[in-house]
Amino acid sequence: MELPKATPVREVEADQGFDLEAVSASLEPVILRGAVSDWPVVKAAKTSDTALHDYLSVFDRGAKVPVSVGSPANKGRVFYTEDFAGFNVERGTSSMTELLRRVKDHGGAEHPPLIYLASADVDECLPGFREQNDLDFGQYRPVISIWIGTRTRIAAHNDLPLNIACVAAGRRRFTLFPPDQIENLYVGPFETTPAGRPISLVDFANPDLDRYPRFTQAMAHARIAELEPGDAIFIPSMWWHHVEALGTFNILMNYWWRTVPAFLGTPQDVLNHAMMTLRDMPQEEKEIWRQLFDYYVFGESSAPRDHVPENIRGILSPVTEKSARQVRAFLVNRLNR
């Protein structure tokens, strides 16, 4: 069966800059074409792998970094072993010096080994690099990570923060899905995952439609983005994205940030606790809690408090940093009884 073709992601010309607030308000992914084309690392990457290696070496202080390595037989796919008892890569540490050398020396092979540095703090890996290669996030303080490797295929996953991913070297292909496609992506476990987030178990290069038949429906809603060095992509919160690094020497730098206050915490914690406390209750009891969540969380925010005197609303009031601390202290005290 032929899968539906993904819809190209909307793109804007961004070589003269872009409006971060306007981009982050988008409910769908956006390609920022040429957004980092003036970065020196991009210019080095466009020259040659050797020029790129030599440029990065200026900032290389031999930092120890986490590295995953795998056989050429993986074809770049970072995944589980066949029995799902472990992963198909070996994980360890390397000096940045050795990592860069190995990617340069082996990335151009017809069937390269998988060599992959994932989501490492760029300032720790390459001190001073961001002084020449960076985006201005104004009031926000994003988490900034770097990804370096040979050809890789990273299974579809999602992230809570907003994300701008910048292609500094190599090429990247993103296949993206709206959050509501979770049922059609056949997502794996929470605790054991090669990406730190639950991932789709579907092999996008060779999908087993007998085992994962609803993947066809997911592809009918998919978006596709092909990025060259100097391009970037905005990925909204919780959008699923499958990422392929297609060059011989691939570098991605990404910025994760949230526009809501940090004191609100992470919804993932709520989901985890809900699965442990609500999911296996009798259906009629779960329905009651669904109604409570709809009323207190997902419904009109003012409805549960309008009739309550303001001085005793407590957690019914809009959450502030002070009230968040008070409620957490209250909950901790209850747990410790």
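Does Tyr186 count as buried or exposed, and at what relative accessibility? At 15% relative accessibility, Tyr186 counts as buried, because the cut-off for buried is under 20% relative accessible area. Please keep in mind that this is a predicted model.

Tyr186 sits in the loop between β11, residues 172–177, and α6, residues 215–219. Its phi is positive, about 55 degrees, although Tyr186 is not a glycine. Ser119 is another non-glycine residue with a positive phi, here about 50 degrees. Ser119 is placed in strand β7. With a relative accessible area of 34%, Ser119 is partly exposed.

Now the strands around β7. Strand β7 covers residues 114–121 and runs antiparallel to β4, residues 64–70, with 3 bridges joining the two. In that pairing, Val69 stands opposite Ile115 of β7. β7 also pairs with β8, residues 143–149, again in the antiparallel sense, over 4 bridges. There, Leu117 has Ile148 of β8 opposite it. As background, strands of a sheet pair through backbone hydrogen bonds, either parallel or antiparallel.

Next, helix α4, residues 96–106. Which residues of α4 are buried? They are Met96, Leu99, Leu100 and Val103. These residues lie on the same side of α4, because the arc they cover around the axis is only 95 degrees. In general, an α-helix has 3.6 residues a turn, so residues three or four places apart point the same way.

On to the open sheet. It has 6 strands in the order β1-β12-β11-β14-β9-β5, and the pairing is mixed. At the edges are β1 (7–8) and β5 (77–78), each of which pairs on one side only. The partner of β5 is β9, residues 152–157; the two pair in the parallel sense over 2 bridges. Arg77 has Arg153 in β9 as its bridge partner.

Gly76 belongs to the loop between β4 and β5. Its relative accessible area is 6%, so Gly76 is buried. What does Gly76 touch, leaving aside its neighbours within four places in sequence? The contacts are Leu114, Arg151, Thr152 and Arg153. Thr175 is 99 residues from Gly76 along the chain, and their C-alpha atoms are 16 Å apart.

That leaves the voids. There is 1 cavity of 30 Å³ or more in the structure. The largest cavity has a volume of about 50 Å³. Among the residues lining it are Arg77 and Arg153, the bridge partners mentioned with β9. β9 supplies the largest share, 3 residues. By class, the lining of the largest cavity splits into 4 nonpolar, 1 polar and 3 charged residues.

As for pockets, the second largest pocket has a volume of about 660 Å³. How many residues line the second largest pocket? There are 33, and those nearest its centre are Ala118, Trp147, His157, Ala195 and Trp256. Of the lining residues of this pocket, 20 are nonpolar, 9 polar and 4 charged.

Definitions and conventions:
Residues numbered from 1 in each chain as written. Predicted model: local features only at pLDDT ≥ 70, side-chain atom pairs only at ≥ 80, totals over all residues. Heavy atoms only, no water. Pairing = 2+ DSSP bridges. 1 Å grid on protein atoms, 1.4 Å probe; cavity = no way out; pocket = protein on both sides within 12 Å on 5 of 7 lines; lining within 4 Å. Points joined across faces, edges and corners; volume = space filled by probe spheres on them. Nonpolar A, V, L, I, M, F, W, Y, C, P; charged D, E, K, R; others polar. Buried < 20%, exposed > 50% of the residue type's maximum accessible area, 1.4 Å probe, protein only. Contact = heavy atoms within 4.5 Å. Arc of directions from axis to C-beta.
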